[in-house]
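I opened the two chains and kept notes as I went. The entries below follow the order of looking.

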Amino acid sequence: MIDPDIQTVDAVLAGDTDAFGQIVHRHQDRLYDLAYRLTGNGTEAEDIVQTAFIKIFSSLSDFNKSLSFPNWAYTITLNIAKNRLRRRRILTFLPFMSYADDTDPGAAGTVLEPEDHNSSPDDKLAGGALRKDLEEAISRLPQDMKTPFVLFHLHGQPAKDIASAMGLTPNAVSLRLFKARERLMLDLSPRYPEYFTRGLVQTL
Amino acid sequence: MDSNNMEKIFNDLCSNIEKKKCPDLWPQVRLAITPAQTAHIKYRAFRVTAFATAALAVVLCIPGVAQTIKDRLARIFSSQYSVKLPDSPEMTGNLVSTDGEMCELRSGGTILQVKVSSFGEKAVKIEAFVFKEQDVSGKPVRKVIAKPIIIGLIGRPLEMRVRNADSAEFILKMTPSERDKKDYSAALIPQYLPETLSRTDAIKSEVLDIEAMYWAWRITGIKDMTYSDLEKDSRSWVMSPEFRKTLCDKVHGVIASGKSRPLTADEEKQRTDSIRQLSTLPRTGK
């Protein structure tokens, strides 16, 4: 089966500019989500993704079709976001719970709790608090750990693709992921020993 | 705990966090990638009153322009521009900006920010942000009216229009070009209206001794800058080159005499008053 992205790229390169709209609609959410989590600013994220799509369009002829298009789009978006962060020194990483903005009033507090059919209501409440604290802990992670963590755990990208997008080796990405998780566990284990302490004891 | 267990725990915790929904970017992207050099954008929120100012004063702010950034510059753009606001005559000028630097034009309560950024070797990305400034509880608050973006070729004129439902129209025309980095120090000297420059020098002349004493004390007493810093930074100040030299010579003289001292309260007040007067003068580019 032919990759729909490749088909669209071919159509755009053949002169059908409007076909690029399919690419935008297909990828804008995930790129926006990444940019938003890195900058913590909706307008900035929108601007980054818009710039990324313009860059993608102008570089389409250079795209190597043997590679993953989404990964290529991630690479471009990450580079633009990194430059912006460096330039404007925006190094905030907002907790996920505070993502709601004016255009999406219902988004506040809509983050779902982990599915656990065996848990009691009390357990679910505890899970919600855990996630909130997790988000705050993530916001305290160093920048070089946040990006792989978000791409791996929130966007479901394999380490190999993250490595390619970030210009690292897969081992380096795995190491950063490990360090990020370890740091988060150390941060959270005092409040949630039932989740983490056993593992930490074993590790230590 | 092994790595796989840690991975599973965080996968579980993060699995139900939804992705942030992005507003549809296609209309703006389409506008930017369309080959046409003219963009027509309609915005409902755009109001005639925003641009209908009787006394027009266009002010170009220069955020962060300093010689110290020269070495870090990638590209410098120099763009001939003209701005046409409803019920106002067309204004022209030359916008010199570094790659990605935001410049600001003001007309009464309406503010236009323009950012020129690299877009490949032969093109630039022009981003405009139109704001309306209002007083809310005594504080100025900016409301975004429009954010058009256009890609232009270097050396080719382009036109950007923002139109509201009442057909009131804002038009920005630009011809972006690129300058050599070596020209940057020259570009630091703002191109102001001649009458503005003469009034600036006149106001500064009245407090020349105070100004010289202020900077001499900063250099010798507070020691948060050097004389060469003063010479470099003063290139971006609003004053004629002749007056700049006079001031620098005066500062040098005070330092050499060893008589530098902090300003008295009265001198501080005079200096503050002169700065307040300067801030009211119109400027039209740099």
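I call a crossing left-handed if the near helix is turned anticlockwise from the far one by less than a right angle, and right-handed if clockwise. Helices (H or I, at least four residues) and strands (E, at least two) are DSSP runs, numbered from the N terminus.

Conventions. This is a predicted model, in which local features need pLDDT of at least 70 and side-chain atom pairs count only at pLDDT 80 or more, while totals for chains, interfaces and linings use all residues. Residues are numbered from 1 along each chain as its sequence is written, and chains are lettered from A and ligands numbered from 1 in the order in which they are written.

Entry, helix pair in chain B. I looked up H6(B) (residues 208-222) and H8(B) (residues 241-257), whose axes come within 8 Å and cross at roughly 55 degrees. Axes are lines fitted to C-alpha atoms, for helices over the stretch in contact, and angles run from 0 to 180 degrees between N-to-C directions. That angle makes H6(B) oblique to H8(B); angles under 35 degrees count as roughly parallel, over 145 as roughly antiparallel, 65 to 115 as roughly perpendicular and the rest as oblique. The crossing of H6(B) and H8(B) is right-handed. On the H6(B) side the contact includes B:Leu208, B:Trp215 and B:Ile219, and on the H8(B) side B:Leu247, B:Lys250 and B:Val254 are among the residues. Two residues are in contact if their C-beta atoms, placed from the backbone, lie within 7 Å. I sorted the contact of H6(B) with H8(B) by class and found ten nonpolar, one polar and two charged residues. Here Ala, Val, Leu, Ile, Met, Phe, Trp, Tyr, Cys and Pro count as nonpolar, Asp, Glu, Lys and Arg as charged, and the others, Gly among them, as polar.

Entry, helix pair in chain A. H2(A) (residues 20-39) and H3(A) (residues 42-58) pack at an angle of about 140 degrees, with axes 8 Å apart. H2(A) and H3(A) are therefore oblique to each other. I noted a right-handed crossing where H2(A) passes H3(A). Among the contact residues are A:Phe20, A:Leu31 and A:Tyr36 of H2(A), and A:Ile48, A:Val49 and A:Phe53 of H3(A). The classes in this contact of H2(A) with H3(A) are twelve nonpolar, three polar and two charged residues.

Entry, strands in chain B. S6(B) (residues 110-118) and S7(B) (residues 123-136) run antiparallel and are joined by nine bridges; two strands pair if DSSP finds at least two bridges between them. I followed B:Thr110 to its bridge partner in S7(B), B:Lys132. The hairpin of S6(B) and S7(B) has four residues between the strands, and there B:Gly120 takes a positive phi near 80 degrees. S7(B) also pairs with S9(B) (residues 149-153), antiparallel, over five bridges. B:Lys125 has B:Ile151 of S9(B) as its bridge partner.

Entry, chain totals. Chain A has nine helices and zero strands, and 36% of its 204 residues count as buried. Chain B has nine helices and eleven strands, with 28% of its 286 residues buried.

Notes:
A residue is buried if 20 or more other C-beta atoms lie within 10 Å of its own, exposed if 12 or fewer, and partly exposed in between; C-beta atoms are placed from the backbone.
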